[in-house]
Amino acid sequence: MPAATNTWLNKLAKEKTKLLQQMFEMEPIHVPVKHPITKQPKPHCQGEDIVYKWDEIYDDKIKGIVVETETGPSTPGKDYVDDINANPAMPYQQLRALLGDGGRWKWPEIWKNLDVLPRRGPAWRHIDDPSNLGKIENPNPQIVPLKCLVVGGGPVGLRLAIELVLGGHRVTIYERRREIIDAESGKYEKVGFTNRVNRPHINNFCRNDLDRLNGRNFMTPKMCYPVFTNTSTSSIGIDECQMLLLKTALLLGVNFELGVGYKNAEIDIENEKNQRPTWLVDYTADSMAQERYGKSETGEERFDALFGCDGGQSKVRVTQEDWLGTPKTRSYKKMFGIVSNLRKVGKKKLRELGHESGLEPEDRAGGMSGVFFYKASYHNYFIVHPSAEEMRANGIPWEGLFSFNSARKEIDKKKEAHKALLKKFMTQKAKELGIPIDERLPNGGFVEEPNDVMGFDFSEFYNCEKSAACMVPPLEWDTDIDDEWEIHCPLVALAGDAVADPNWLLGVGLQRGWNSAFDACFYADNIYNNKTFNGKPPCKDEPIEDPIEWFQHMDNMINLMQTLGNASRDSKLSCEMETGMLDEKGPVVIQIRNQSAMRKGDAPVPQYLPEVEPWGRYKQFTLDVNNNYKGRDLFDNVHPCATRELAIYNHNEHIVARNAILKMRANRPGAAFLTWPKRFDCSAFWGMMKLLEVDGKSAPGEKPLDKPTKEEEPVEIKPPKIDRDEVQLIALRKSKSLRESMLMKAMNPTPAGVHVKDRSAMDSFICHNSRESYRSLQKHLPPEPAPVPNVIVKGVPLEKRVSSEDLHFMECASSFTTLNSMDSSHFSNSSKKNLSPVREQPMPEIVTHDMKSTGAQLKESLLSLSIPSKGDFPSVASMFHKSKTSLSRQKVAFTSSTTDIAPPAPPALSSGSDPMHSVRLATVKYEKEAMKAKLYMAEKEIARAKAEEEAAKARIVYAQTEYKMLKNVLAAYEIAEAKLHDMA
């Protein structure tokens, strides 16, 4: 394998650095905006542009990068779902190993923020991994990685996908909405998934979470101000949040499939033996998705878990009503909401409107007053909830409206009139409230449709009483032992607006969405975890020592799903979640301060960051959690969050000091002088993973990796289906044909004086194969006492050949052939030259190759015949011996050295006294009797097998009955025990 040169690597790195920087700088732009430096108009930008740019960045070369990890070289193309022992690197780790700091001061901070995201399960990898710092234990080592489908690429769907990846799961997002703009008119044909510019209120814990996901690094300063700076009325645009999260999700390895839509999902069991259910998802794909992802227009894909994050009109919720139920609606007070997005107004116009400073007014979070005003980077967000009287006075109908004039389609005059009324009302209301609006700007001072003005009817709210469902067998389930699993439901969960209608007045949309996303991820982590999860917060005094019984584990999971769903919907959050700050008197803050004092340091109190585990997020679990840190346990039992924050703080100090040293030693070169090694020399990286291989080439100074030899997978050859009746018929024909041939040959001996070459092929084959079979059989027989010398043929005594009653049919066949030759020679008056060649010449000299192969086939056929065993009838040899002694009492011996002595001619016998005739009749008779006996035994075997089968069924019924009886008795004992406790 060739090694990569620094020049080649730097060329590749420069290309990818440029593309990645372009992706980092992308922000949603709906109105004409100029670049602050070049003063050139910025191009229209949406989430689709990030997806397309990522396809250019993360191509096959980058996907194949191998990096060095704490557990060895990474395994590109193989994740934990493929193999639990796999060692995949996340895309950002592969890019960082190639690009370094990219010649930019912000990139090391981006890599660091991704490194410190908490991993779980198989993604935790090793305690010395950069994200664990040699201190942070695996929070949940019992996670079984699942193949997950998230339907919907909104903020909640993206946040859920990120958290699932950090647990080692494989995640795919289906997002159907693709923005399409007509090239001629510039109007929308279809709106995309990031075309909504509404700005919901953002809670402190949610803001902290976006901050650790590189919010400040992936958003421009203008976008950051209302999110991270103006904390009194924090808000974030839906499109801004989506694009921020999309960048992070792609860097962590989420598979985002744009243009693919969810249709339905059916439960399917791929392996009947383990009964593990999966979702067989029906999807649709547009033409671009078909080309990019290799999908058909409609198709199916299999997943272990299904998550519906597809909004208020959730298809997942509708198609899975059997498991999640039908959402319940409740009437609210008569209320209508009008949402508008206004263009920015210049300073001169602001002064004309009464804003003497030339600055926009402060944000307003109206609460129950119903007026909201949030400043965004390139537009302003303005909401009004008019009263019923105002609606009637202005002729505004109580109908929701979200529309735009699609290109190449006729204008809907009714909707246009409705939208005109809303614009007129919002313009008048803005002037009354002092909200800046310039009617001289395009579209009357509103941004372009469909986000200019929208109407929403809030008279009714919906909510789902069940937000998740699951019923699966354990991984070790085996139908051969455990019988069939009764109820099959792989994990399905809803999150965000799919669970409950967002209440704009309360500003709980993102709050509910974030919590439901974490809850859904927690279910995925613990579906198969009955070793450390029992449905309750961990208790120091009552640790889980033995695995929970599986049916109890499923009950625990189902009950917790209901509990968490209610707590999320009703916003029953802990104090730390409500404030977004760690409790000053809580165990985490006290332990951090105590450790800092011991080390003579001053570690700052970190931000509160929500966790996947629900125990710290909901109020009802707070007391149980704090009980683990009372008294002496406050310092003996170190909180995982305190351990993590201290480890990060100490390591960060080391990184800061290292960066200071590097700045003194080396200046960061410009882009033209940035060589590949310099990308790593000017920055201190949090957890750099060394580059080992890219595009099949080893990195400079690295040895080529040992490529495992790919063993050819054995091709499973499925045997053709056999027609048993046809096989039996053919076997019967062959057996009958062979028997008839043998009997015909025995009944028609070859006359003396005929040479072997002139004899029939059947006779020659029988002679040769009987000899070979006899010789092979003799090797496996125990030695017998030497018999009285008799007729010798080729050094083998004839009496020894035919007198053993232990030989089977092949010995009988040999006896037939020898008898035929003996019979012919005894009744012949020919000289020694006419003796049968069987006695004088070795068979290999007279049997050709074709005859040998045909003989071998005959030999196999002979061995397949059913021959009576010892004791079924007298041996043919003993019968022949009696007939032979009646013919002549004189024994003539032929040795290998005797060639001139011929046997005396016996007296001629008539055909009626032919001794062979009686042998043949006896053979046929005993063969027939043997076949009858075997038939009888076969019938008995069938009867015995049927009896055993019935007995096995009876034992199963007995065992099941006994199991149920014992279970009932045990339940009775538990009830009795409980009553006795109550009496005490």
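A: Leu634 is buried, with a relative accessible area of 15%, because buried means under 20% relative accessible area, with exposed over 50% and partly exposed in between (1.4 Å probe, protein chains only). This is a predicted model, in which local features need pLDDT of at least 70 and side-chain atom pairs count only at pLDDT 80 or more, while totals for chains, interfaces and linings use all residues. Residues are numbered from 1 along each chain as its sequence is written, and side-chain values use heavy atoms, with hydrogens and water left out.

Leu634 sits in helix H23, residues 633–636. Helices (H or I, at least four residues) and strands (E, at least two) are DSSP runs, numbered from the N terminus. Apart from neighbours within four places in sequence, Leu634 is in contact with Pro587, Ile590, Gln591 and Tyr629; contact means heavy atoms within 4.5 Å.

The whole protein gives the setting. It has 33 helices and 24 strands, and buried residues make up 48% of its 984 residues. Of the contacts in the protein with a separation of 6 or more, 73% join residues 24 or more positions apart.

In helix H5 (residues 107–115), eight of the nine residues are buried, so H5 is largely enclosed by the rest of the structure. Among the buried residues of H5 are Trp107, Ile110, Trp111 and Leu114.
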